[in-house]
Amino acid sequence: ISHENTPFTGCPVKGVHIIIGAFCVIHYNIIIDKIHFYDKEDSNNCCVRICVKIRRGEIMRSIPIKKLYNPQYDLLSISDKEELLDQIGEIYNLELISFKYFAAFRQSTYTAVYRSHDGIDFVFVPGDTVTLGFDFKNKPLQDIFNDENLVELAYPFVEGYEEEIFSEDDVQTKIRETLEDEEVLSNIETYFKHNFTQEDEFVIHPLLVQKEYSQTCWTPISDEELRQNKEWQQMIEKAESKGLSETMIHNTICLYQTDDNNWYGKLYEETTFKELLQNIKKHGYSLPTRREWEYLAGKGCRTIFPWGNNIDFSMNLKHMEWMDNDGEYTLEKENFFGLIIGDDPYCREIVYDEDEFSYKGGDGGCNICGGLGVMWGYLPVSPYFQDSEMVIGDNINGGYDFFRRVVRINDNMK
């Protein structure tokens, strides 16, 4: 199309012809918004920049929805995946940070890391039809757990172990007796049956998922506000005099020092579950459902944990420093989807199903705090753990409750 036949008759460059790819117009329904003529180096070397608007619904129709689900997604070539992931980023106005291959617990995904306009990192998670939940019926504990983990499960039931000091031989004898006690075994089996979700098959739709969970109730204090507040500065001085790197007033304020030796602060604001959900929705996000969270944490694993049924005591687990492990915590790493999830029993995530809030990924540290040991302490990070006795009130507990934003891609295909 020559510029003489367009509204751009005032173009300073004579004889410029603009060619718009017909393929793009037909397949992606591109709408020309602006055409800018500008000198790249001089008037004899003029370039044309075409700014376009893309109709979300039309471009999504150009992506066969089946390709966003496994096994089809996994079967795509790397170049086809990258093209698909690039289009998803454009549709949702996300900056594409990188394409990346994530692997953990014998599972893997090639996907993309994105960043939203509000600075939140997301990954694309393909949909799938998967079996979720864990069925303990007709499965003796001895068939599920190894001897080391059975000992861990039995130890809290050993009578008198808190009041008396046993020799190692006595302890082992007591544990063997406990594991032969039908009532104890029945109590353990009942606990598992009542605190794990039922096994069933589900269709999980493709998602954009926040890489790491976010705090609730706490809002950051600006550096200037922190410097100007005399009371807060006195709290910092007092903490430094005691060699502390953190000081707080419960559910009011927390002041903390980071590795760069600078002090930062955050204020606590009472928040209800409904207020959190409203705020998330206002920004175009959702909370995951229970079953979506199970998929994100386990990818349909047929074991209690993504790595198997047993705690591996060589793991470096948070809050278990007495295990004398050094270095990074084993579970505080990206999983097979690129998510950091199910890593700390104290950090439970809020999920939402049909007007009902609940938790996944932790119990607020109840089992650990109760001195029940590693196995009982870390059961709540299982994808399928669901505390049957947990009562959800109106207000969020900012110390233990966290949330993760998701975008359901399927919602925009209707």
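How many bridges join strand β11 to strand β12, and in which orientation do the two strands run?

View 1. Strand β11 (residues 246–249) and strand β12 (residues 253–257) run antiparallel and are joined by four bridges; strands are DSSP runs of E with at least two residues, numbered from the N terminus, and two of them pair if DSSP finds at least two bridges between them. T247 has L255 of β12 as its bridge partner, while N251, in the hairpin with three residues between the strands, takes a positive phi near 50 degrees. This is a predicted model, in which local features need pLDDT of at least 70 and side-chain atom pairs count only at pLDDT 80 or more, whereas totals for chains, interfaces and linings use all residues. Residues are numbered from 1 along each chain as its sequence is written, and side-chain values use heavy atoms, with hydrogens and water left out.

**View 2. An aromatic cluster.** One cluster is formed by F134, F136, F145, F157, Y191, F192, F196, W376 and F385; rings of Phe, Tyr and Trp (its six-membered ring) pair if their centres lie within 6.5 Å, and planes under 30 degrees apart count as stacked, over 60 as edge-to-face and the rest as tilted. F134 and F136 are both buried, that is, under 20% relative accessible area with a 1.4 Å probe, protein chains only. F192 and F196 form a tilted pair, 5.6 Å centre to centre with 40 degrees between the planes.

**View 3. Charges over rings.** The charged end of K139 sits over the ring of F134, 4.7 Å from its centre, where such a placement requires NZ of Lys or CZ of Arg within 6 Å of the ring centre and within 35 degrees of the ring normal. R348 lies over the face of Y359, at 4.1 Å from the ring centre.

Notes
Buried < 20%, exposed > 50% of the residue type's maximum accessible area, 1.4 Å probe, protein only.
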